[in-house]
Every structure is written in C-alpha cells, then in structure tokens.
Amino acid sequence: MADGGLQEPEQDIEKKTEETRQRFKDEYVQDSSDKYDSRDVDRLQRDDAWAVSFLTWRHFVVEETLKMIDESFLWRKEFKVNDLTESCIPKWMFETGAVYLHGYDKEGNKLFWFKVKMHIKDTKTIQDKKKYVAFWLERYAKREPGMPLTVVFDMSESGLSNIDMDFVKYIISCFKVYYPKFLSKMIMYEMPWIMNAAWKIVKTWLGPDAVSKLKFVSKSEVQTYIGPEYLPLHMGGTDPFKYSYPPLPDDDFQTPISENGPIASEDENESKDGEMETKETLDSSFSSEQALRPKKVNFAEDSFKLEEYDRVDTAGRTKGARKPQTTFKGSLLHISPAEELCFGSKETEKKCLIILNNVTKNQVAFKVRTTAPEKYRVKPSNSSCEPGASVDIVVSLHGGYQASPQDRFLVMAAEMEQNAGVGSPELAQFWKEVPKTRIMEHRLRCHVLESGLTVTPLTDSPIPSGPSGHQDLHTMLMRVAASSSRLEQKLDHCLWVQKVLTVLVMVLMAFSFCTLYLLYTRDGPSEPGSTPPSEQT
C-alpha cells in the first residue's frame, strides 16, 4: 500500500489513466459484462479522481492497478455497496455504537471509531458486520470524496475475546484495496500487552508502506494526534458526545448545527454587528429557521440577500483573495479549489476564492454552508449560475477569528428548469422542493498556513492545471511536523531515562552513606587514654 505521496508528471498521469481505463475495459469487462456493477465501471471511465486514486496507491504501475480495481469491483458487487442503506443493516448493530464517525483529528481528518470491547467474535454475524463497515465507508466516500479518514481503535477494557482476526483483516483490506488513499493514520489506543502477538500478524497484512500509519498510543500520548475537544472523557478529553441511535451520528453533513448556539444567518450576524435589517427579512428568516434550532449545531447555512454583481463589484470583492490551484469536476459544477481553502494569520491571508463553473445547459442553483458561521463571511452564499458561466465566491474570516483544520464548507448545487426564477423567494422555494437525489454536494476543508508562509494572491492569469507549489510545500511541512513529533517523543524518552538515572545515583549514594555509617558505628571511636589492641599484646 502506497502512501500516496509520489508525484508524477501530469502528462504521464493522464496517459496512465487512459491506459488503465482502456485495458480494464478490454481485458476485464469485455468478456464478462455482468462480472461487476455497471455503475462502478461507468464511474471509473468518467471519474478522474477515482481512477487516479487506484494508480497512486499502486505507485502508478498499471498492471498492479488493474488487479486492485478488479478485486475492489468484485467486492463492491458481492456486498452490493452501491445499494447499501440503513435498512440493509440489522438495527441492533447501529444501536451498539461499536462503529461510527464523529469528530476530527488535529489535521482535520474525520475520525472513524471502533469500540473494540463491544465486538465479540461470532461467525453468524460476521457478514453483517462487514456490511456495516462498508456502509459507513461508502457513506463517507460519497459525502466527502477524496478526504482521508483517521481510524481509532479504542481498545480500553478489551481482551482476547474481542479480537477477531478475520474481521481485522477485512478492515485492513477496506483501506488497502477497496478504498484507496482513504487512510490517514490508524491509532491504536491502550492496546493490552496480551494482544501484541496478534498485532505482529496484522503488521504483515498492512505491508511496509502502511505500517508507518500505525500509531500506538496511551492516554498521555493520544492528544498528539487528536485534540481534547474530540476525545471522550475516558481518554482524557472534554468531548461530551454520547453515541445514540437514531439518528446516525455523522448527520452533521445534513443537519445545520453549530456548537456556538442556534443557526444564525449572515443577515442576523451582521445585524448583531450594528447593521439594521428590515422587519420582513427578519420575520422570514426566523420562520424558515425556527424548526432547525437544536442546542448544538455543526453545519450552519448563511442566508444572504441576492445582489447584482457586475464586473466592477466582482473585481472589488475578489481583490486579494487567494487563487485556487486545483479543480473538482462535478456533474453540474466544476469547483475550484478541489479540496481545501487556505487561511493564515496575516491580513492578506484571510480571504479565499471559490470558483464555480456551470457545465450544464441549464441554470444551476447553489448555496454554501459552513460548520463555523460565526467565523466566516461567504458572498454570495445562495444564488444561481447561468449555463456555461462562472461565479466567484469570496470566503473571508470575520471578527478576528482564526481558521481551524476542523472547519468545513459544503457547496450544494442543483439543476433548475429553464423557466425557473432566480430571485430570493424563487430560490428558497426551489430548495424546499428539489429532491435530495438531484443535489450535488462537495465539501471543502480548511488548511491553516504556518506563520511566514504566503500563497499567491488572485491575479488575472488562468488557473494552472499542474500540481501546485503550495501542495508540495504543504507535504514538506507535514513531513517536518512528523519529524518534529518523533524528535519530541525521543526527547521525552531521554528525559525519562535521565530521571531514572538520577534516582539510581541517589539510591547508590544513600547506600554508600549507610555502609560507611554502619562501619563507623560497629568499630566505634577509640576512647581517650585507651591502649590499641596491638600495643596491649
């Protein structure tokens, strides 16, 4: 399993991608069209990112990539992955809370939790358990394509009865073959010493490239990778989250929630800053959001009045915004950047640009949501894009806030009828009526720039299609950070050894003093006027 860090020239990537597609079609599909799910075959031909992910995971060796695709597609058809829903999984599995998605690590990767103590080996339920894992992975893959996961095996209070080697091997195969480039790291928390032998076997299944992704941690070390806000209390964290079902705990992808209170629209936020809104706007905003006011929220939708943006306005809004370097090619919109928005602490690093290109023959309505509405201003956040046209969306930090790797943005898009209106009332009604199956969703995460680093501001030059220098720099920084973490761990170990040696020296000194004292008191000092024994003889 490769780590996905290899860089190939873009022309070579395109060439090998086309070669892989053509050879798979000729050598694997042609003679047995019913061997795979046709939806997977079609997706391989049109989804560049998916095809490249297989190539990257096999070091761009086409022959190995074809074998991997074959194995992955056979598995997807066997488990009917494209059709997996909650109803396909026994309800008791969801109720146990043994597997679920919740929270993020310090790099902004979603956490995939496995509560090992809740797993008991049972041949009768193993197939359902495998489907259960596939359900979660496929659900996440569709909602955040291209975003890696951090797997956390919580082994506290577990023992040999909780270890099922067949199930563990299946989980590894999911990341090694079925979902390439999905694994960020695998954190093993408080692994009992009695399981060491089992995990030596597991390491051989992972392969040398993936072993580096294994992190064995204790309670004092886990916060190296996960902040306390996403760690449960028994791990030394402060996260009050308690698993319950229904609903599924990762529904922050759908339900507008914010940890800072009820949903607040952009207009409401600005009114708190002193800008007055009309009573009609406030009333309509209140009525439309009254049903969506939970105590805790993750995705909050910013509602804005529609404005007319001409070229002068657009130039003014986008001035100083960061230029996107990559593009996600969706069915309705091409979205730049493809994966992340980059923010820094300097004033020139607090504004980013999202570019939407309509690739359909109809108008496309879009809206932008964020997990941190109190931090960001998004303009426009709710509008439409004409056929073949593009829209620039400016995302800026607000009120002295700093970006966080846990912050997310959700771009939602849906194709409109040719005679549909584009005003605020029409768009609001459209989003109420449009079926979820017609909505395209794409998620962007935030990357926080280190102090002193800058990214090229927006210019009139076209977006380069090759790999960006920023991505290379980011990779280098991640390696430096990992190296620093290892050095810090070694330093802690050295300090611990130093303390042990200090204690030993003190013990030896105390022993020496005690020995001298005993020798002194046993022989006793010579009394005045007494004759030494040698002289008495």
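1. Strand β11 (residues 364-370) and β15 run antiparallel and are joined by seven bridges. Strands count as paired if DSSP finds at least two bridges between them; strands (E, at least two residues) and helices (H or I, at least four) are DSSP runs numbered from the N terminus. Arg369 has Leu410 in β15 as its bridge partner.

2. This is a predicted model, in which local features need pLDDT of at least 70 and side-chain atom pairs count only at pLDDT 80 or more, while totals for chains, interfaces and linings use all residues. Residues are numbered from 1 along each chain as its sequence is written, and side-chain values use heavy atoms, with hydrogens and water left out.

3. β15 also pairs with strand β16 (residues 440-448), again in the antiparallel sense, over six bridges. Here Val411 stands opposite His442 in β16. Seven of the eight residues of β15 (residues 408-415) are buried, so the strand is largely enclosed by the rest of the structure. Buried means under 20% relative accessible area, exposed over 50%, and partly exposed in between (1.4 Å probe, protein chains only).

4. Trp496, Val497, Val500, Leu501 and Leu504 make a nonpolar surface patch of about 460 Å². Patch residues have over 30% relative accessible area and no salt bridge; nonpolar side chains (Val, Leu, Ile, Met, Phe, Trp, Tyr) are joined within 5 Å, like charges within 9 Å. Areas come from the Shrake-Rupley method with a 1.4 Å probe; for residues, only the protein chains shown count as cover. Leu501 belongs to helix α14 (residues 469-523) and is partly exposed, at 49% relative accessible area.

5. The whole structure holds 20 salt bridges, each being a side-chain nitrogen of Lys or Arg within 4 Å of a carboxyl oxygen of Asp or Glu. One of them joins Arg39 and Asp83 (2.9 Å, N to O). Arg39 is in helix α2 (residues 38-46) and Asp83 in the loop between α4 (62-78) and α5 (91-96), 44 residues apart. Arg39 is partly exposed at 39% relative accessibility, as is Asp83 at 41%.

6. Arg76 and Glu138 form a salt bridge, with their closest N and O atoms 3.0 Å apart. Arg76 lies in helix α4 and Glu138 in helix α6 (residues 126-143), so the pair ties together parts 62 residues apart in sequence. Arg76 is buried at 1% relative accessibility, and Glu138 is buried at 6%.
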